[in-house]
Amino acid sequence: MAKHHVSATVNGDPVEFLCETSQSLLEVLREELQMTGTKEGCGTGDCGACSVMLDGRLVCSCLVLGVETEGKSVETIEGMAKGDELHPLQRKFIQHAALQCGICTPGFLVASRALLEENPDPTETEIRFWLAGNLCRCTGYDKIVRAVMDAAQEMRESANAR
Amino acid sequence: MEDIRYEAPKTVKAAVALLANEPGLAKVLAGGTDLLVQMRAETVNPQLLVDIKKIRETHALKRLPDGGWRIGASVTGAEMEEHKRLKKDWPGLVEATDLIGSTQIQGRCTPVGNLCNASPAADSVPAQIAAGAIAVIVGPNGTREIPAENVAVAPGRTSLAKGELVVALLLPPRPKHSSDAYLRFIPRSEMDIAVVGCGVSLTLDVDGTCTAARVALGAVGPRAILVGDAAKALIGTKLEPAALEAAAAASSAAAMPIDDKRGTKEFRIKIAGVLTRRTAEIAYERARKN
């Protein structure tokens, strides 16, 4: 069967790719577009490692077909740092040692950024519920939650200073 | 998952034609949060996927002139949770839908998909049934409307005929002093599948006497159950302890669960009653303030 020709936007750049119906957005990102920052954990939407933004909504890219992204905007972990300048969440994850093996980290960062865009001042409970779909088997979550709270505070302060 | 045809029609009519004319298995794709998992596990092996999200009317989430609501088949849990007016009219349905999966799943999952996936433990379905939701079904022979409780017939099976799809849910207008609630029992605080789920919708008169009630249970039978006797026990009362106990007993009597890894039959029967009482109390407090 002929492959689908899909035009979409990834991190602001127009991209075109060919995919089969059964190829997930995750597979397209990693295998067709060589963007391997987005990780596969479970492949069934349970772990959140493959989190990306699709038209401004946080989704699991393993549960989106590549062909569904025709005309849509995708944002991945690769778009998070601006050149060499890390996003505050990325810096705080490093400072707080909020990662060990790192497989879940891109998903946590993308999901945390989505939270802070919607809610710049989340409570610890709100952070824990928002990130309930991101699983981490290393950190025990506490350092991740502290890092998100610290990043949120810094982002609020720099927004107020402007 | 090989050689699957993918179509994204722009009209319901075209979607029906595609579904009806496919000789093999054709599946409707909306949020895909169940379907893509089933395809990956090869428990469902469609020859055709009909993505309905390019059909504009399936995205409608709107209050109708009579005060009822229309929730299109592509409307997601996240869109419902963000809709303040819908939450005011149907807080129980919104909270039930919001329990489906994580933030990531909420961005894609749809209450119509939850209904059509026909899981007995689907969280939004008892709330839909309690709400008196009507499924609008379009197929080769035109449009028909059936109560939400008649969509699922058994685990994973619906009453839809070949070529048919649910295009929307309709919710009835809300009289004054009406509200709903949904509770589920899970052994943890988030991200789990209901051991028992309970949806209750109530309407009260000015004195707080219940004039209309609907009670529905999930995960205690092969499909969600509308418990008429529990509703009867509440109507005409102010949900005094005796009325709540009678409703709880009616729900326990209606429950016909299986033993599985999530809970025993005996436990589920008891919890069906407990949740009925607690959910009715929440719906009552909300209705009094509405």
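**Chains A and B: fold and interface**

Visitor: How does the radius of gyration of chain B compare with that of a compact globule?
Guide: Chain B has 19 Å, which agrees with the value near 19 Å that a compact globule of 290 residues would have. The radius is taken over C-alpha atoms, and the globule rule is 2.2 Å times the number of residues to the power 0.38. This is a predicted model, in which local features need pLDDT of at least 70 and side-chain atom pairs count only at pLDDT 80 or more, while totals for chains, interfaces and linings use all residues. Residues are numbered from 1 along each chain as its sequence is written, chains are lettered from A and ligands numbered from 1 in the order in which they are written, and side-chain values use heavy atoms, with hydrogens and water left out.

Visitor: What box do the C-alpha atoms of chain B fill?
Guide: Along the principal axes, roughly 60 × 45 × 35 Å. The secondary structure of chain B comprises eleven helices and 14 strands; helices (H or I, at least four residues) and strands (E, at least two) are DSSP runs, numbered from the N terminus.

Visitor: And which pattern does chain A follow?
Guide: Along the sequence, chain A reads β-β-α-β-β-β-α-α-α-α, with five helices and five strands. The radius of gyration of chain A is 16 Å, close to the 15 Å from the globule rule for 162 residues, so chain A is as compact as a globular protein of that length. The C-alpha atoms of chain A fill a box of roughly 50 × 35 × 25 Å along the principal axes.

Visitor: In which sense do β3 and β4 of chain A pair?
Guide: Antiparallel: β3 (residues 51-54) and β4 (residues 57-60) of chain A pair over four bridges, where pairing requires at least two DSSP bridges. A:Leu54 has A:Arg57 as its bridge partner. The two strands form a hairpin with two residues between them, and A:Asp55 in the turn has a positive phi of about 45°.

Visitor: What does A:Arg57 meet in chain B?
Guide: The side chain of A:Arg57 forms a salt bridge with that of B:Glu82 (2.7 Å, N to O). The term denotes a side-chain nitrogen of Lys or Arg within 4 Å of a carboxyl oxygen of Asp or Glu. Four salt bridges are counted between chain B and chain A.

Visitor: Which elements of chain B touch chain A there?
Guide: Those giving two or more residues are β1 (5-7), α2 (35-40), β3 (48-51), α3 (77-81) and α6 (103-106) of chain B.

Visitor: How many residues are in contact overall?
Guide: 28 residues of chain B are in contact (heavy atoms within 4.5 Å) with 28 residues of chain A.

Visitor: How much area is buried between the chains?
Guide: About 2,300 Å², with carbon and sulfur atoms giving 60%. Buried area is the accessible area (1.4 Å probe) lost on putting the two parts together, summed over both.
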